[in-house]
Amino acid sequence: MNREKTFNILCTAVAMLAAILVAFLIIILVSDKPVESILIFLMQPFSSGRYVGNIVETAIPLIFSGLSMAILFQAGLFNLGGEGVFFMAGIVGSIAAIWLKLPIFIFPLVCLAVGAGTGILVMLVPGALRAKFNANEMVTSLMMNNICYGVGCYILNNMMRDTAVSSLVSYKYRSAALLPTIVSGTRVHVGILIALLCAAMVYVFLYKTKWGLQVRATGANAKFAKYSGMNVMKVILLVHVIAGAVAGCGGIVECLGLHKRFEWTALPGYGFDGAMIAMLANNNPLGVIGAAAFVAYLRVGADLVSRFADVPTEMVSILQTLIILLISAEKFLHKYKQRWMEKDIQIKEVQHEGLH
Amino acid sequence: MKGFINLIVSTDFVYSIFRVMTPLLFASMGAVISDVAGAPNIALEGLMLMAAFSGMYFGYLAQSAAVGLLMALLTAVLFAGVLAFFTLYYRTNIILGGIALNSLASGGTVFLLYLVANDKGTSVSLASKTLPNINIPVIENIPILGSIISGHNVLTYVSVLAVAFTYYLLKSTALGAHIKAVGEKKEAAESVGISAVKTQAAALLLSGVMCGFGGAFMSMGYVSWFSRDMLSSRGWIALAAEAMGRQTALGSAAASMLFGVADAVSNAAATQGLPSDLVKTIPYVATLVGLTIFSVRIYRRQKEV
Amino acid sequence: MSEYILEMNHIAKIYGNGVVANSDVSFNLKKGEIHALVGENGAGKSTLMKILFGMEQPSRGEIFLRGEKTVFSGSKEAIAKGIGMVHQHFMLVESFTVAQNIVLGMEPKKGLFIDQKEAVRFTRELGERFNLPVDPEETTKNLPVGLKQKVEILKALARGAEILILDEPTAVLTPQEIDQLFEELRQLKAQGHTIVFISHKIPEIKQICDRITVMRSGRTIETYQCEAVTEQQISNAIMGCELNTAIERGNKKYGEANIQVRDLSYTDKSGVQALKGISFDIREGMVFGIAGVQGNGQVELVDILTRRKAVQSGEARFYGQDISAADQKSIRELSFGYVPEDRLEQGVAASVPISENMISNDLENNDFQKHGMLDFQKIDAFVKENIESYEIRCAGGSQPVGMLSGGNMQKVVVARECGHNPGILIAEQPTRGVDVGAAHIIHKKIVQLCRDGASVLLVSADLAEILKLSDVLAVMYEGEIVAFFESTEGLNEEKLGLFMLGIERHGPEQIRKAVNGHE
């Protein structure tokens, strides 16, 4: 078993390394100051407290998104609705943050609850359709993304817009609703603690409760889950509820932590990120923290390079693709290793079956 | 409201249906071919996006729409080939591979857009080429029908041909028979010496061609520039259309038409002063509802067995 | 040498992981004969034919085809050299027409398109030539099984097959269709084709074949001239003549019937009747063994009792309650355990730890969890206890179960299913692919459960196991119970073979004793 875990870690490290190497390649090709750019990409994120803070604050929404996808993947589901959930939860949560009036500790908590609740409702659409009617959750969730965007924009434009400001933003949040910064000199806010707490809770759920066991069993072998008497439909619904709550939380946390008003004019783009982070972390909630940190580091590095040498930050998505492809291909290598080990196992079986 | 109704019952509206349907037709045909072969290509959105960028950029470089179209096709086929390679050789889960490609497309195209046009939004600053609209001689003069059928972009007519192509490919050609056999029962095909890998690779490449046309239409026919995320999930709608069309060319085309109508209604309603944010969700709501009805039907049917 | 169209000499096939499928097989075919290849599951028949059809390469030995040394590098080459195979599970595309299936891979073309008319004409002519008439334009899905088989045979003939291999061809045919098939085979023989007929149904083989080769445990035992050998002799050769007396059981007292089955019938999706009116009772304290070659309805029976398939006709009761409305979830609420035939398919989740696999069917148990939180102390104690008592060789409860050997994996399954001493246990091939030590432990557990009053249904193709464990024994053949024994005393594999292979059957009153049997 130890051998397998080491193999896993090695493969993930290889993927990450390859991503960094490709980043170098891109920088070399695009930047007119390649060597300095590479150094900036690699090192500058660590060079000052403020930049390290950037890594942390960038990682926060990635942790939420990664957790959400990790739960879905653990159950064998391919729901990509994270984007829509983030956006919609941000909107509805912002409404609460703008118009409610609550004392200082309770206010953000209520907003979080509103965000999580919104997330649950949004995710339940593809979730219920999949649980009951086996409708393809990938397409339904992506449709929800677009619908959430449209509906959210409408609400923003017509009910929340602060016309005193020229750009498309909402009214200011009440200051009691904001999430305070916890490290001075940076923008790192309480959200990181909430994210870490969520990661811990998801971890406990998945590995220490009977429901988590059912989720993992369903994802590993749905026939086995049914055979053991598990209610697979309930599992699918439960997974969507939790994933929705976590992603919803992530959306409102991002708004209340880093902004003073609702400012997103496009889908924030955390959906596919979350998928990739979950894969990097092998769907382990605690691993998601590290994976999110790594991707955040790539992002900050790319951002710094873009300011210095005109290399667009979107290069990160090229790295993302590479990571996903390598990890999935790694699964192939993994299968090889698995098959090799299974071959020992199946010696006598095959003899008996005569390979029929 | 009256204005809206007037708008809908006009030839312009029906004309617009065919126009917005074009990418849906291409992509859903790509979905049909790959799905029938048992290798469902979910990277339609990403492939079309990359093709749209290529068409715009190379058309601009060579100052020739034909070159743009050609490069759009090649780009889509190239990346479909990458998907085929990882899926068939490395046994990557084809869904994950599709997700990876979509991710690459959405970020990669913006990346390149910035590099070539210094703008992360659109490529309007580049004088890229467009493909011509075609006025069909005699037909254009027929009242009503003429203004609906004639005057479309050349690729709109090609999209109809694509449906015919897919239909006849699967119905009457040897490759089509092999594709169907491999998708339905791989062992049956292999037992007579047909290579499942080669057949599925061919199907994926063909779906790449379809996406190439679809993407080229977006940046060289629908509008004359490339903008970030310009497909707006049309690739996913096409997937839903293919599911509802039961993996057939004609069925998927019909479903695409339905979604095309939704898209056209959405555009029309927007011009009438209905809130554009809500109105633009019409195609997605339609897709969601369509898929739901479809899944419920199947669920009911299976219960009876 | 020239009288033999095919010679396979001293073929051995050892797989990369050490499995020896064929150890020393010599098999030859005379031109124009119908040659039966018989043996139990696992005897090595299918491996041999896979080698002949180019799907596998032999590790040792030589093949001579028409006097020339040959190596088949793939099925394509075997087909090209005139060998055709009709698989047991048809290789037909259901949505295609007959003609489309027959010309698949060699479609006649007219320009860019398939010449459908020519395909139809070709098929029709083919059918006439071999006197196997089929309607080229009929959709394959709608054909009865017998016709589908005709299409498969025509497919092989269309590609110029001189040697036809038929793998268990009569498994899915009605008696009339079997007669028809035999007629067709005789005609093909008259036209000069050579046929290899793989089967385990001795009466049929005696009807149609010229020579019979028996395989057992990876080697050829003997080749007989059909008229010169008796069914008994064939059966002995297949089973091996080890005399096995069952353990003396004495008079047992049985309790209530926990499992009751009446007139259970089942027709599957392709129209084949897999079960034809099965009835039996299993009482408390009784191990009810069902012997039979795989494929005679046992899978359908177990699937119905474990709720994977519906009760189409007839009745099934657990503890007196009708189970037809139960599903896989609600059946678990009864005191019920099920050791499935394919542990990797549903018995375990390979990537999940051993401990979690061991409690998967019992998550409501207040020992293992309180308000949803798993109590790892209690779980680990339970798992540790099982690991010890079953002697499971593993690296601890947190190891993914997929890493265990077959025997140890099966022990996990058995530990789980017997974990809370169920009143009903259904065990399907419980020691298949399991080493001797593990098998022994599993058998001990079944016997202990029984002594504590459980009703056990034991379905197995392993006769030694059935004879060792069963109190009463039924034999299934072609979806029916053809024999019932109130005791296994004096029974051996030789005798059972006659019933399993369809050579003999009990009369109806004896079979009825399976219901409310043995007081």
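A residue counts as buried if 20 or more other C-beta atoms lie within 10 Å of its own, as exposed if 12 or fewer do, and as partly exposed in between, with C-beta atoms placed from the backbone. Keep that in mind for the first stop.

You are looking at a predicted model, where local features need pLDDT of at least 70 and side-chain atom pairs count only at pLDDT 80 or more, while totals for chains, interfaces and linings use all residues. Residues are numbered from 1 along each chain as its sequence is written, and chains are lettered from A and ligands numbered from 1 in the order in which they are written.

**Stop 1: a covered helix in chain B**

How many of the eleven residues of α11(B) are buried? Eleven of them are, so to speak: the helix is mostly covered. Click through the buried residues, among them B:Arg234, B:Trp236, B:Glu242 and B:Met244. Now step just past the end of α11(B) to B:Arg246, which takes a positive phi of about 55 degrees.

**Stop 2: where chain B meets chain A**

Show chains A and B together. Here 39 residues of chain B are in contact with 35 residues of chain A; two residues are in contact if their C-beta atoms, placed from the backbone, lie within 7 Å. On the chain B side, the elements giving two or more residues are α5 (94–117), α11 (234–244), α13 (276–279) and α14 (282–304). Which of them gives the most? Colour α5(B), which contributes 14 residues. By class, this side of chain B has 23 nonpolar, twelve polar and four charged residues. Nonpolar means Ala, Val, Leu, Ile, Met, Phe, Trp, Tyr, Cys and Pro; charged means Asp, Glu, Lys and Arg; the others, Gly among them, are polar.

**Stop 3: chain C as a whole**

Next, select chain C, with its 17 helices and 24 strands. Its C-alpha atoms fill a box of roughly 70 × 55 × 45 Å, taken along the principal axes. Buried residues make up 51% of the 519 residues in chain C.

**Stop 4: confidence**

The average in chain C is 88, and 96% of the residues score at least 70. Finally, find residues 243–248 of chain C, where pLDDT stays under 50.

Technical notes:
Helices (H or I, at least four residues) and strands (E, at least two) are DSSP runs, numbered from the N terminus. pLDDT is the predictor's confidence in each residue, from 0 to 100.
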